[in-house]
Amino acid sequence: MCPADTVENTLRSFTIKAGLLSANDTLLFSSEWSVTNSANNKIVRIRTGAGLPMAVTLTTVVSEFRLQHLSMRNALNSQVGGSGTLSAGYGTSASAPHTQAIDFSADVAVTFTAQLANAGENITLKHAAVILIKNPIA
Amino acid sequence: MSFDPVSEMEIAHSAVASSVTGTLTETTLFSTTIKANTMKPNEILAGQFVFSYTNSALTKTLRLKLGGVTVANIPVTTTAQIRRWFWMPIVSNTSQIVYPSASTTGIGTSTSAFEDPAVDITTDLTLEFTGQLANIAETIVLEQLYFRQLKQAS
């Protein structure tokens with residue numbers, strides 16, 4: 001559960017160890033969030049080192065289940081995925097796909113974070129998982 | 001916390017159409033048994049399924065049950081098909097997390113709360129799809145389903 005403040009708080013973290021990924025693998029981030037249903041912003045994020053594959057602002061909803069893919073772009077230091085700002089995570093969007101250049105040949109921290117606009121409200125990370133999808137061809 | 005590669009095992013799969021028509025009784029369209037202790041805490045039961053049905057104003061109710069507990073209860077009316085996600089993290093032997101039952105997507109945002117079906121995974125569990133009509137002249141078809149068990153680092 002997010003502390004009663006308005007800073008970004010890490011609710012769960014994993015380390016993807018150097019050497020685990022190959023140049024055409026995909027990471028799948030699963031997260032399930034419960035939030036206060038209000039007009040105030042509740043921001044849920046997934047960070048991969050300095051990369052930000054997901055940053056969703058929730059307001060008048062209760063639940064958010066998100067599957068966010070991040071694929072290695074034939075290199076360990078180049079990734080692409082769907083836009084990380086969509087509330088649904090699927091479908092059409094005016095936003096560009098998410099790209100980043102994090103070096104997965106070294107250890108990379110994956111953090112699931114939450115940030116309130118009103119310290120009296122709540123964000124709970126009910127479940128988080130990082131799933132590695134290996135490319136069998138590479 | 002370190003991160004381990006995930007492995008997955010198929011739990012259920014069907015691409016054989018199964019339908020109900022001519023009755024208002026809730027009818028089983030697919031059923032399989034997940035043996036006791038096949039799934040464990042910190043794993044995920046993941047799946048997707050596709051139904052087609054008569055496009056009309058009358059409610060067609062599609063259900064997924066696990067161990068007799070309804071984990072998806074989807075009313076559909078003036079559409080022709082649905083493809084829905086199912087994603088169930090297993091918290092403990094008797095506690096799970098599922099997206100709100102009535103969702104037509106199984107993913108994204110919702111104004112309903114997550115649910116805990118509280119099935120006991122240490123016992124044999126029936127994974128069952130049913131369909132129920134409001135008009136016997138209409139039809140529900142379970143077109144396809146695919147479920148797998150994801151093992152992950154806890």
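Biologist: In this predicted model, which residues does Gln115(A) touch, not counting residues up to four places away in sequence?

Modeller: Gln115(A) touches Thr6(A), Val7(A), Glu8(A), Asn41(A), Lys42(A), Ile43(A), Arg45(A) and Ile123(A). Gln115(A) itself is found in strand 8 of chain A.

Biologist: What makes the pair of Thr6(A) and Gln115(A) a polar contact?

Modeller: The backbone oxygen of Thr6(A) lies 3.1 Å from a polar atom of the Gln115(A) side chain.

Biologist: In what order do the four strands of the open sheet in chain A stand?

Modeller: The order is 1-8-3-4, with antiparallel pairing.

Biologist: Why is one side of strand 1 and of strand 4 of chain A left without a neighbour in the sheet?

Modeller: Strand 1 (9-16) and strand 4 (51-58) of chain A stand at the edges and have a single partner strand each, which is why one side of each lacks a neighbour in the sheet. From one strand to the next, the twist averages 10°.

Biologist: How do you know that strand 5 of chain A pairs with strand 9 of chain B?

Modeller: Three bridges link strand 5 of chain A to strand 9 (residues 108-110) of chain B in the antiparallel sense. At least two are needed, so this pair meets the criterion. Glu64(A) has Thr109(B) as its bridge partner in strand 9 of chain B.

Biologist: What is buried between chain A and chain B, and on which atoms?

Modeller: The two chains bury about 2300 Å² between them, 70% of it on carbon and sulfur atoms. Chain A contributes 29 residues to the contact and chain B 24 residues.

Biologist: Which elements give two or more residues to the side of chain A that touches chain B?

Modeller: They are strand 1, strand 2 (26-35), strand 5 (63-72) and strand 9 (123-133) of chain A. Strand 9 of chain A gives the most, with seven residues. The residues on this side of chain A divide into 17 nonpolar, eight polar and four charged.

Key. Residues numbered from 1 in each chain as written. Chains lettered and ligands numbered in written order. Predicted model: local features only at pLDDT ≥ 70, side-chain atom pairs only at ≥ 80, totals over all residues. Heavy atoms only, no water. Axes fitted to C-alpha atoms, helices over the stretch in contact; angles between N-to-C directions. Contact = heavy atoms within 4.5 Å. Buried area = accessible area lost by both parts, 1.4 Å probe. Nonpolar A, V, L, I, M, F, W, Y, C, P; charged D, E, K, R; others polar. Polar contact = N/O pair within 3.5 Å; in protein donor to acceptor, adjacent residues only side chain to side chain.
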